[in-house]
Amino acid sequence: MIRSAVLAVTERSITRKMITDTSAGRAVARRFVAGDTLESAIDVARELTGRGMHVSLDHLGEHVSEIEEATTARDSYLACLDEISAHNLDANISIKLTQLGMGLDNVAAARHLDEIALAARVAGTTVTVDMEESDHTETTVDLYAAAQEKHGNLGIAVQSYLRRTADDLDRVIPLGGHIRLCKGAYAEPADVAFQSGGEVDGSFDRLGILLMESSGVDVAIASHDDARLEKVLAAAEHRDEPWEFQMLHGVRRDRQAELVAMGHQMRVYVPYGEAWYPYLTRRMAERPANLLFFMRAVVGR
Ligand SMILES: Cc1cc2nc3c(=O)[nH]c(=O)nc-3n(C[C@H](O)[C@H](O)[C@H](O)COP(=O)(O)OP(=O)(O)OC[C@H]3O[C@@H](n4cnc5c(N)ncnc54)[C@H](O)[C@@H]3O)c2cc1C
């Protein structure tokens, strides 16, 4: 699979060094990442909201190895929520539970999620739990369900490439909140995930229609794939409850603006922070042309 091949290349330390240790590499990364600081993310968020978009801010990081790092990640989200509130921004936050300690200390991760959900309530906004590798799916859904039952201002991402996702939706739709449907960004084995693009797309369309027909839950369709968007738009004609499109910062900016001009709600996922390399590798794996683009910029051709 192309995704696995690109991820294998980007995981090599020489590729990582070429991209992270050169100013050309970092400059190209700026297309997808707002910057290293919260301030840079707020600037990008203000610019996007000024153009009629909504925003989800993601302080980059995942898989901490010490619980102190998870506490620092929690604090960075609390600071982010303060800024959202101070600037009265139309923004929420997206978090990764492995960044908050899941897999290392699940009790601490649940506590961090509680603290973030409470702060989001004070800031008048919501929290989306990103979905990570499949060995974390079960715990992610468990921690999400507990926090959503307690606070009511959360949402969760689900991945159409996972064979289990329809069952997960049976569990999370009754919890309300919001659900973001995406295809899935990691390299997963065939026993847990569909491997062909056709199967992933077919699953996306089925789950998208199911979500559009579900009530009591806000729906987010996170894709840059026009064929998927068309299917969802047809299903949305009969929906009278909230739903929105979501796209990544730096990907199909023209299409984002076009959908807003058509009157649709668009939320742009804006990542920021110093730990941008793993995020970037997934963007390269989705579109190998991005890897070539990076390599050309770095070697100056
Ligand atoms: C808001 C948002 C949140 C997400 N959250 C998660 C999550 O929690 N967990 C998770 O596993 N995945 C997440 N993803 C990533 C997602 O799973 C896919 O990997 C990613 O969106 C690419 O799939 P696609 O639906 O855009 O379709 P694709 O078939 O990959 O792409 C369709 C078209 O979009 C364009 N395109 C797509 N990606 C790129 C790119 N990187 N650079 C340039 N052009 C591109 C190309 O024109 C391509 O032909 C999220 C995506 C979005 C938009």
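Colleague: What numbering and confidence limits apply?
Modeller: Residues count from 1 along each chain as its sequence is written. The model is predicted, so local features need pLDDT of at least 70 and side-chain atom pairs 80 or more, while totals for chains, interfaces and linings use all residues.

Colleague: Why is Leu-229 called partly exposed?
Modeller: Buried takes 20 or more other C-beta atoms within 10 Å, exposed 12 or fewer, and partly exposed lies in between, with C-beta atoms placed from the backbone. Leu-229 has 19, so it is partly exposed.

Colleague: What makes a set of residues a nonpolar core?
Modeller: Its members are buried Ala, Val, Leu, Ile, Met, Phe, Trp, Tyr and Cys residues, joined through C-beta atoms within 7 Å. The largest one here has 74 residues. Leu-113 is among those with the most contacts inside it. Helix α6 (residues 106-123) gives the largest share, 8 residues.

Colleague: Which residues does Leu-113 contact, beyond four places in sequence?
Modeller: Leu-97, Leu-100, Leu-143 and Ala-147. Contact means C-beta atoms, placed from the backbone, within 7 Å.

Colleague: How do you know that β4 and β5 pair?
Modeller: Pairing takes at least two DSSP bridges between two strands. Strands are DSSP E runs of at least two residues, helices H or I runs of at least four, numbered from the N terminus. β4 (residues 154-159) and β5 (residues 178-182) have 5 bridges, so they pair, in the parallel sense.

Colleague: What do the strands form together?
Modeller: 8 strands close into a barrel, from β1 through to β8 in order, with parallel pairing.

Note on methods
Two residues are in contact if their C-beta atoms, placed from the backbone, lie within 7 Å.
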